[in-house]
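Good morning, colleagues. Please have the structure open before you.

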Amino acid sequence: MNRALQTSATLLCDLLIIGAGGAGMRCAAEVLGKRPNSRVIALTKVPHPQKSHTSTAQGGLASVDPADPADKIIYHMFDTWKGSDCMADQNVVKKICEAAWEQVIWLENRGMHFSRNQDGKLSKRTFGGHTLNFGERSAFRAVFEADRTGKGIMDTAWGESMKQGVSFLNQSIAAELLFSDDQCVGAMVFLQKEGKFARILSRATVLATGGSGQVFKVTTNCRQNTGDGLAIALQAGLPILDPEAVQFHPTGIVGPGILASETLRSVGGILRNKDLEPFMEHYAPKMKDLAPRDLVSRAIETEIRQGRGVLNPDHHIEHVWIDLRHLSQKVHEEQIPEVSGFFKQYVNLDARTELCPVRPSNHYHMGGIPTNLSGQVLNSSQNPVPGLYAVGECAAASFHGFNRLGTNSILELITMGKFVGESVLEFLKEAPQKPAEASAVKTFSRFSEYLEGRGTDSIGQIRDALRTLMTANVGVFRTESGISEAIGALKELNERAQKVSLSNKSLAMNQELMQRWEMDALLAVSMVIARAALARKESRGAHFREDFPERRDEFNHHTLASMTVFGDVALARRTVDMSVFNAGGAHHENFNLIERKY
Amino acid sequence: MEKIYKITLRIHRYDPDIERSWIQEYRVDAGRILRFVDLFRKINDEQDPSLTWNSSCEHGQCGSCAVRINGKPMLSCELLVENAVAYFNTTLFDIEPLTIAPVVRDLVVDIEKAYEKVNRAKPYIIAPKPAAEKAAEYCITPQELEKYVAATRCINCFCCAEACISSPKAFLGPNALLASIVRVMDPREQEKTDRLALLYSDQGVRRCHTSKACSFVCPKEIDVAYFIALAKSGRFDPNP
Ligand SMILES: Cc1cc2nc3c(=O)[nH]c(=O)nc-3n(C[C@H](O)[C@H](O)[C@H](O)COP(=O)(O)OP(=O)(O)OC[C@H]3O[C@@H](n4cnc5c(N)ncnc54)[C@H](O)[C@@H]3O)c2cc1C
Ligand code: SF4
Ligand code: SF4
Ligand code: FES
């Protein structure tokens, strides 16, 4: 018997923001700053916007200071293009790099507590892949707030939007986008605390749901990063751009996945396998442990796959060691105190005397909901969907291509957040005053299915199997047979998931029900990642195919993956924008198809 | 290196549908470096999927996972089994939700209600002073920043508010005051009158007993009581 689920309320607004992280809040602040009486509702899955994933970003935010005589915007553009392995869209790269500094000032003027130099100006530091003069030497391009830059951005963007009157619906999920004709007119929302469904009708809707790291077993991402935005876009028949482009950081701390910074290797840390052999010399005889991120990640995974990993008994995760024991007391105290602190805190090891367990950790999803330069979501024919926008990690205007440079994500949040805000403002001028009516099609049937499952399987076990499978077969290394096997296994997991019976059938703050819903998102996102990875028979950026280890020109295109029925993935292509190269002009040759060598 | 602890968790549960609360005991075999959030997840996966708790970042950066463990407010994502056993000298743990806000279910409290106090403190710049140069940053020296930067590290986990010995009803509480004090000390903020009115209101700093309980429990090691004491000393008040 179907439990009668019903809509408890219909809310009307001008702008619905799905996801109150850094990207969503920057956008909200822009809209309200220019149009103060707008009704803006922002949803977040977490108990409060401050608990969003953006708060955890550490390193910094890249932007060329116009007062810096050495650095130029064109260098930042080049680094981003090269880092992307020639898959970023150049018009997007140009727009974001040019807008960067103004947005840094926006944040600073609104109270972000950036670290300062002796002159009282913003301090800057270097980050991997950021260079001067087209690769000549490292650039000091990242502004930062100690090791909590993301928190500074989150607090500032949240503070500004609160000040201007955003209404927050915390601990609420958008379960389905609503359409009237082909226009997006809001979303169906499940309010977790109350256990109620609300229909939010809005004139414009922005997806800003963040990453999907929970698809993998070891990840630096928040618990809630289950790829919901991608899943609801897929469900609405929209495509995902480059889902196969997933970034791994080589040294995540087992088991929480927390980043152990690259600094460890730059000060002389050595990676060792089960037999304590320093294995990097077999993979990169010259650079050894200092080889680039993707190469080191692959070396670690190879050791593990060939049986030279160590099984962590507590987390059941295989790993290798990073050996810091030989480093001097001075290095430990002065150069790596914080990361050493993480090992103490999360694995209770003294990095000065004990080996520390690490494994590549999923870090970032370059792929996402395709948008144009102003953040309008594009449908499968690559036309804008009226009323619908996407921004942040869930979106892909394609600034990062197939490999994101450190500090470029936060930059994207604040610049694209602003542009999306501007674009929404234009749209609001034209859209009718009152949002159109529409009702949910899938939400109730899905939720009643969840509540009526009769199987004996557990969500936890299925989720664990999915995450292990994706890590082993569609992670750092990919092969045709491995991915195909994963696709088959995902179908089985999907069937198992459909039968799960919930031990608690309540609607109010039912974590189990939420996890069941998230399970569908994880399955959908995994499936499109796997299918796109299978089709891309080459290696590029973070996507590495052992059976096709070279980059191949015939794949110089974006992937578009659509899936409305689980497992039925349709793949299409989109050309990469090379407008900077095509425009000619000084330095344009650097924007041709170049090799990614460091 | 493989060591298993036999842990007993006595978790306070609450079911909003029937408005019933009870204590449920779970026994878990736990490796030394599992965190308390890992134990909760293990209970969900292996014994009782209905147990509800909160977490987000799971590495001490967001403040979502605070609960009371043997009476002490702590981040459950930071506490390792091995450390907990050593610290409390037992393998038996009482796990309770924070008391600063109504319980929604089990260990989840309605943190939005607690945030109302933070919101009243206006955690943003109300009236920014124009920067010296247009389209440039303010000049703030590292020495100036150093005076209040520790207070900007607060993640609103509410551990301090939980531990505070002053009456929660009459008092804004340590982290909400901290949010206001940061902006009083921030040279970019022009609006000081409203802020001082709040700090010295009958719900403000004078309710503080300077017990330092807040500083002792802060997972970010912020000396909350010190900042409140600065305000109490009348340091910011133009007419004390
Ligand atoms: C450890 C770490 C360090 C990093 N350091 C850096 C760095 O130094 N520099 C850099 O540039 N980048 C860094 N990054 C990457 C960067 O932090 C993220 O890419 C960025 O914060 C994503 O922001 P966002 O606004 O898109 O998403 P988020 O901040 O994740 O926000 C997403 C929001 O959507 C909500 N949401 C999700 N699903 C739903 C749903 N179904 N319904 C309603 N709401 C929903 C969430 O609750 C949340 O509020 C780092 C990442 C990690 C993990
Ligand atoms: S010092 Fe003041 S704010 Fe801190 S716990 Fe004691 S009474 Fe509360
Ligand atoms: S001051 Fe410390 S204990 Fe209090 S909310 Fe902030 S981080 Fe938590
Ligand atoms: S989950 Fe973020 S602080 Fe514990």
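How do the residues of the shell around ligand 1 divide into nonpolar, polar and charged? The model before us is predicted, and in it the shell holds 13 nonpolar, 19 polar and 4 charged residues.

Let me turn to who these neighbours are. Ligand 1 is surrounded by 36 residues, and the closest are Ser52(A), Thr54(A), Gly59(A), Glu393(A) and Ile410(A).

I now come to the polar contacts. A nitrogen atom of ligand 1 lies 2.9 Å from a polar side-chain atom of Asp228(A). Oxygen atoms of the ligand also take part: one is 3.4 Å from a polar backbone atom of Ala208(A), and a polar backbone atom of Thr407(A) is 3.5 Å from an oxygen atom of ligand 1. Taken alone, ligand 1 exposes 1000 Å², of which the protein buries 98%.

Which elements of chain A give two or more residues to this shell? They are α1 (22–34), β8 (172–180), β16 (356–365) and α11 (408–430). The largest share, 4 residues, comes from α11(A).

Finally, I would draw attention to Gln171(A), found in the loop between β7 (167–169) and β8 of chain A. Is Gln171(A) buried or exposed? Gln171(A) counts as buried because its relative accessibility is 5%, and the cut-off for that class is under 20%. Leaving aside neighbours within four places in sequence, its contacts include Thr44(A), Lys45(A), Phe190(A) and Met509(A). Asn54(B), a residue of chain B, is also among them.

Definitions and conventions: Residues numbered from 1 in each chain as written. Chains lettered and ligands numbered in written order. Predicted model: local features only at pLDDT ≥ 70, side-chain atom pairs only at ≥ 80, totals over all residues. Heavy atoms only, no water. Near = heavy atom within 4 Å. Polar contact = N/O pair within 3.5 Å; in protein donor to acceptor, adjacent residues only side chain to side chain. Areas by Shrake-Rupley, 256 points an atom, 1.4 Å probe, with all protein chains shown as cover. Nonpolar A, V, L, I, M, F, W, Y, C, P; charged D, E, K, R; others polar. Buried < 20%, exposed > 50% of the residue type's maximum accessible area, 1.4 Å probe, protein only. Contact = heavy atoms within 4.5 Å.
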